[in-house]
Amino acid sequence: MSIERINPGARMSAAVVHDGTVYLAGQVAEGAGVEEQSRAALALVDDLLAQVGSDRSKLLSVTVYLADMADFAGMNSVWETWIDTANPPARATVEAKLATPDYLVEFSVIAAI
Amino acid sequence: MSIERINPGARMSAAVVHDGTVYLAGQVAEGAGVEEQSRAALALVDDLLAQVGSDRSKLLSVTVYLADMADFAGMNSVWETWIDTANPPARATVEAKLATPDYLVEFSVIAAI
Amino acid sequence: MSIERINPGARMSAAVVHDGTVYLAGQVAEGAGVEEQSRAALALVDDLLAQVGSDRSKLLSVTVYLADMADFAGMNSVWETWIDTANPPARATVEAKLATPDYLVEFSVIAAI
C-alpha cells in the first residue's frame, strides 16, 4: 500500500495519504482573533484536502485545540458556517497552548479521499 | 468508499464510519467526580459503538483528556474495569481543560467495526 | 478484518494493528531533559514499529505533547534527526501536562505497516 506525502519538509508533511485516508498536519494561521484565525486555518484545510482529491464533505475526525477555552464560541461560530452541515465529522475540542502564543486555535484533521 | 455518519448535528457527528474504522466524537458526561463521569462517558462510547456494529473489544486507539491529572488514578480505576482486558486499545492520556469546567474527563475513540 | 495487539496490558496495548495501520500507545521515557527523553521515547517508537513490520519511513501522523512549550526547540532538534526526512509524517504539537511531572514529552503515533 503506497503512501503519498504532500509538501514533505524538515519536520513534517502537510498531508499524508494512505489507503483512502488523509492525515493533515495541524493547521494554524495568523490573525487578530480566534474567528479570523479559524477562517484562515480552515481555508488551509480546504487547500490541503483539494490537493489530495478530498473536500470538507469527507471529514472523518477533527481535533480542535484552543489556547484558551474562552474562544470556544468564537471558533464554533466560524466552524458551523464552514463545515458541510450534511456531513459533519466527529470532533473533540480541548484546551492546549500551541507552538507560539500568537496562535489561538489549531485543527488536526483526518479525512477520507 | 462510502462514509456513514451517526447523529449528524450542527457541529459534529456523534460517530463517523469509513472503511471498517469508526471515529467517535469526544465523549463527556455530567457527574459528581471523575469516576462517575468516566462510567457515564464510557457508557456513551458503548452505545455509539453498538450503533455501528462495534464494541469495546474492537477499540484501536483512545486519547484520554483529563482536566486535572490528579484524576488519573480515579479515571484508571473505572477504565480498567470497563475495557475488554483481552483486547485493550493503544492509549494516550494528557491533561487538557475541556469545553466547560464541569467536565473532568473526555474520551476520544477510534475503533474497528 | 483481524486486529493484532502488541503487549496487551491491564490498561492498554503498546500497539494495535488493523487493516494496514498501526496505532501506538503514547510513548514517554525517563531522562534528564527533553532531548534525552525525546531520543529515548522515539527509540521506543522504533521498537514498536519493528514489532509490527513497520518503521519510521511509514509514519502517517504524530501528535506531540509537550509539558512545556518552552521545550519545542529541544524536541525538534531530536525529531529532525530522527525522522526519515524523505518521508515525514503529518504532525501536530500542543502543550499538555503528562501522566507525571517527570515526563516532558509524549509521542502519539499512527503509522502504516
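This tour moves through a predicted model of a complex with chains A, B and C, one selection at a time.

**Before selecting**

Residues are numbered from 1 along each chain as its sequence is written, and chains are lettered from A and ligands numbered from 1 in the order in which they are written. Because the model is predicted, local features need pLDDT of at least 70 and side-chain atom pairs count only at pLDDT 80 or more, while totals for chains, interfaces and linings use all residues. The predictor assigns the complex an ipTM of 0.97 and a pTM of 0.98. Chain A has a mean pLDDT (the predictor's confidence in each residue, from 0 to 100) of 98, and 100% of its residues reach 70 or more.

**Stop 1: the sheet of chain B**

Select the strands of chain B. Helices (H or I, at least four residues) and strands (E, at least two) are DSSP runs, numbered from the N terminus. Six strands form an open sheet in the order β1-β2-β3-β6-β4-β5 (chain B), with mixed pairing; two strands pair if DSSP finds at least two bridges between them. At the edges lie β1 (3-6) and β5 of chain B, each of which pairs on one side only. Direction ignored, neighbouring strands of this sheet are turned by 15 degrees against each other on average.

Next, select residues 15-18 of chain B, which are β2(B). This strand runs antiparallel to β1(B), and four bridges join the two. Within the pair, Ile3(B) is placed opposite His18(B) of β2(B).

**Stop 2: where chain B touches chain C**

Show chains B and C together. Contact (C-beta atoms, placed from the backbone, within 7 Å) links 24 residues of chain B with 24 residues of chain C. On the chain B side, β4 (59-66), α2 (72-82), β5 (90-95) and β6 (105-112) each supply at least two residues. The largest share, six residues, comes from β5(B). By class, this side of chain B has 13 nonpolar, seven polar and four charged residues. Here Ala, Val, Leu, Ile, Met, Phe, Trp, Tyr, Cys and Pro count as nonpolar, Asp, Glu, Lys and Arg as charged, and the others, Gly among them, as polar.

**Stop 3: where chain A touches chain C**

Between chains A and C, 24 residues of chain A are in contact with 24 residues of chain C. The elements β1, β2, β3 and β6 of chain A give two or more residues each to this side, and β2(A) gives the most, with three residues. The residues on the chain A side divide into 14 nonpolar, five polar and five charged.

**Stop 4: strand β6 of chain A**

Select residues 105-112 of chain A. Eight of the eight residues of β6(A) are buried; a residue is buried if 20 or more other C-beta atoms lie within 10 Å of its own, exposed if 12 or fewer, and partly exposed in between, with C-beta atoms placed from the backbone. Val105(A), Phe107(A), Val109(A) and Ala111(A) point one way from the strand, whereas Glu106(A), Ser108(A), Ile110(A) and Ala112(A) point the other way.

Then display the strands paired with β6(A). Strand β3 (residues 21-24) of chain A is antiparallel to β6(A) over three bridges, with Val22(A) opposite Ala111(A). Strand β4 (residues 59-66) of chain A is also antiparallel to β6(A), joined by seven bridges, and Leu66(A) faces Val105(A) across this pair.

**Stop 5: loop residues**

Select Ala10(A), in the loop between β1 (3-6) and β2 (15-18) of chain A. Ala10(A) counts as exposed because it has 10 C-beta neighbours inside 10 Å. Not counting residues up to four places away in sequence, Ala10(A) touches Glu80(C) and Thr85(C).

Finally, go to Asp19(A), in the loop between β2 and β3 of chain A. Although not a glycine, Asp19(A) has a positive phi of about 55 degrees. Asp19(A) is partly exposed, with 15 other C-beta atoms within 10 Å.

Methods:
Contact = placed C-beta atoms within 7 Å. Axes fitted to C-alpha atoms, helices over the stretch in contact; angles between N-to-C directions.
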